[in-house]
Amino acid sequence: MFSKNYSRFPLKLIIVISVHLLLFEHINAQNNKPNIIIMMTDDQGYGDIGAHGNPYLKTPHMESIGEQGIEMTQFFTYPNCSASRAALLTGRYPYRTGVTAVTQVDHFMNTDETTIAEILGDNGYRTGIFGKWHLGDNIPMRPTDQGFQEALVHRGGGIGQAAGPAGNTYFNPVLEHNNVSQKYDGYCDDIFTEAALDFISKRDGKPFFTYLATNLPHFPLQVPESRAEPFRTMGLHEDNALTYGMIDNIDYNVGRVLDKLKALGIEDNTLVIFLSDNGPRHRRTKNDSYPGRWVANLRGTKTSVYDAGIRVPFYVKWPSKIKEQKELFNMGAIIDLFPTLLDVANINSPKNIHIDGQSLLPLWIKNESDSLKNRDFFIQMHYGPTPFKYMHFTLRTPKYKLVSPHNFPHGIVHQPTDFELLNVLKNLELYDVENDPSERINIAKDNPEIVESMLGRYEDWFDEVTEERSAKGIQRIYLGSKSQSHVVLSRFDWGGPRVISRFDYGGPLVVEDNQLGYWQVKTQKGLYQIALDLPEIESDGVAHIKYNNVHVTMPIKKNQKQVIFEKVEIPSGTGNFHAYFKTNRLPAGPLFVDVVKIN
C-alpha cells in the first residue's frame with residue numbers, strides 16, 4: 001500500500017502517517033476483542049431451572065445459552081451475595097478482599113482490590129453494571145470507584161433494606177445512577193435490563209463489558225401480578241408463586257438481551273455468561289408449614305455450605321469460539337471467572353496480584369481440563385468482622401467434600417468456646433459427592449485419613465487468607481472526600497457489638513436487640529452539616545455526634561423526625577463515627593445520617 005522508499009516524503013508527513021497507522025492498528029485490535037456480558041441473578045438456585053427437573057418453571061431463554069454453548073453442571077459460588085460478587089470481580093477468595101458476609105462491615109470490599117472492570121477498562125473496554133453491587137455504597141467502595149464507567153444500582157443488599165431509601169420497593173424504585181439518586185418508573189428488573197440494552201447498543205468502536213446483576217428473585221417477593229398468577233393457578237404456596245413469577249420475569253429479560261445481540265449483529269463475537277450468586281433462600285417460618293423450593297435433590301439452602309447453597313446454574317456461549325458442547329461436568333468456581341475473562345480478552349494477568357481462580361477457557365474451547373481434576377475450592381461463611389476457624393466451612397473437590405455445617409451461620413459473631421470447637425471437629429462430615437450428590441451418606445468415620453488431609457488443607461488456607469485480610473483491616477468509609485462530599489450512612493453499614501439483628505419468620509420483620517452501632521471512617525478536616533433521621537421518639541431526649549475528640553449534642557423532642565447539626569468541626573483522621581440519641585438514658589441509633597462537608 002505504501003512505498004518502502006520514504007526518502008521522497010517530508011519527515012513530518014512520515015511521522016503523521018506512522019501515527020495514523022499505529023492508531024488504526026490499535027483501534028482494529030480493540031474492535032477484534034470480544035464483548036462480554038455476565039448476567040447474574042440473586043438467590044436463584046440450581047433447581048430454579050426448567051431443565052433441572054423443576055415441575056413448575058420454564059426457563060427457555062436461560063437454557064438457550066447452554067444449548068448454543070455450554071452448561072457447567074458443577075459450578076460453585078459462595079452461599080451469600082457479597083462474597084460471590086467479590087470473588088467474581090477479583091478472582092480471589094472473598095476473605096482476602098475483606099468480605100465475609102452481607103451486612104454491617106462484613107460486605108465492604110477493600111478499595112485496593114483490582115477488579116475485572118478496572119482491567120478491562122484500562123484495556124479499551126466500556127464497562128457498565130446494572131442492578132446489584134452489594135460491596136459498599138460509599139466512597140471508596142462504589143462501583144464507579146472500582147472500574148465501572150456506567151453504574152445503575154440499588155443501595156445495600158436489596159431494594160427495601162436498611163440501606164435505604166425508606167419505603168423503596170421493586171416498583172418505581174429510587175436507584176443510584178453514577179452515584180446520583182434518581183426515581184425510575186417501572187419494575188426494577190425491567191429498568192436494569194433496559195439500561196443494559198442501551199449500554200450494549202452504543203456504537204463507539206469499543207468492546208463492552210456488561211454486568212447485568214438483577215436483584216431478582218431476592219426477597220422481598222415483589223413482582224407484577226401477571227407473572228405470579230400462572231403459578232398460583234398451579235396451587236403453589238404464595239411465596240413460591242411470587243418467586244417463580246420473578247424468575248419468569250428474569251427469563252423474559254434474558255431473552256431481550258439475546259435478541260439485542262442478534263439485532264446488532266454482534267452475537268458471534270460476544271461472550272455471554274448466565275449464573276446465580278448462590279442457592280435459594282427458604283423463608284424461615286415458625287412451623288415450616290409450607291414446602292420449600294425445588295432444589296433438584298440437593299441438600300441445603302442459601303447460607304448453607306451444602307450443595308444447594310453453593311451449586312448454581314451456569315451457562316456460557318461464544319458462537320465464534322465455543323462449539324456447542326451441551327454439558328460439562330468439570331468443577332468450576334466463581335473465582336475462575338476473573339482469569340477466564342482475561343484470557344477471553346487476551347489480557348495478561350496482573351503479576352502483583354494473587355489470583356486464586358483458574359481460567360476455564362481451555363476447558364470451554366479445547367476441552368482441556370487437567371488443571372481442574374484435583375482442585376480444591378474453599379468456602380466459609382459467618383457474620384461479624386472476625387473470622388473463626390472451623391466454623392461453617394466446606395472444602396469441595398470434584399470427588400470429596402468436607403463439611404462443617406452450622407444451622408444458623410448468622411449467629412457466628414462471637415469467639416466459639418473450646419468445647420464448641422471440639423464438638424465441631426468431632427462431627428465433621430465427609431461426602432463422596434461424585435457418587436452421592438445429595439450429601440446423604442456421611443463417610444467421615446470410615447475415612448479418617450481423608451478427613452485429616454482435607455482438614456489440614458483447610459487450616460492452611462484459612463491461616464493464609466485471614467492473615468492477608470487482617471493485615472489490610474476493614475475498609476473505612478471516606479467522609480469529606482472531593483469525590484463524594486455528601487455521604488449517607490445507614491444502619492446497613494455500621495459496626496460494633498450491638499448492631500442490627502434481623503429475623504424473618506414469615507410474618508412481620510422482628511428486630512431484636514437495641515439498635516446502636518457506629519461507622520468506621522476516614523475523614524478530611526472541615527466543617528460538616530450532619531442530619532440524623534430518627535425513628536419514632538416517644539419522649540424528649542438528646543442527640544449526640546461523637547468522633548475522636550469531637551462530641552456535640554442537641555436536644556430533641558417527642559415525635560421529632562430529624563435533627564440537624566449545622567456546623568460541626570471534624571478533624572482529619574480515622575476512627576469510629578458515632579451518631580445516636582438518648583431517651584430515658586437509653587442510647588439508640590438513627591435510621592440514616594446525612595454527612596455533608598460544607599467547608
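How many of the five residues of strand E19 (residues 519-523) are buried? Four of them are, so the strand is mostly covered; buried means under 20% relative accessible area with a 1.4 Å probe, protein chains only. This is a predicted model: local features need pLDDT of at least 70, side-chain atom pairs count only at pLDDT 80 or more, and totals for chains, interfaces and linings use all residues. Residues are numbered from 1 along each chain as its sequence is written, and side-chain values use heavy atoms, without hydrogens and water.

- Strands are DSSP runs of E with at least two residues, and helices are runs of H or I with at least four, numbered from the N terminus.
- Two strands pair if DSSP finds at least two bridges between them.
- Strand E15 (residues 477-479) runs parallel to E19, with three bridges.
- Leu479 stands opposite Thr523 of E19.
- Strand E24 (residues 573-583) pairs with E19 in the antiparallel sense, over five bridges.
- Lys522 has Thr574 of E24 as its bridge partner.

**Cavities**

- The whole structure holds two cavities of 30 Å³ or more.
- A cavity is a set of points on a 1 Å grid over the protein atoms alone where a 1.4 Å probe fits but cannot get out; lining residues have an atom within 4 Å of a point.
- The largest cavity has about 70 Å³ of space, a volume being the space filled by probe spheres set on the points.
- Its lining includes Met39, Asp189, Ile250 and Phe274.
- Strand E1 (35-41), helix H6 (188-201) and helix H8 (238-264) each supply at least two lining residues.
- The lining has six nonpolar, four polar and one charged residue.
- Nonpolar covers Ala, Val, Leu, Ile, Met, Phe, Trp, Tyr, Cys and Pro; charged covers Asp, Glu, Lys and Arg; the others, Gly among them, are polar.

Notes. On a 1 Å grid over the protein atoms alone, a cavity is a set of points where a 1.4 Å probe fits but cannot get out, and a pocket is an open set with protein on both sides within 12 Å along at least five of seven lines; lining residues have an atom within 4 Å of a point. Buried means under 20% relative accessible area, exposed over 50%, partly exposed in between (1.4 Å probe, protein chains only).
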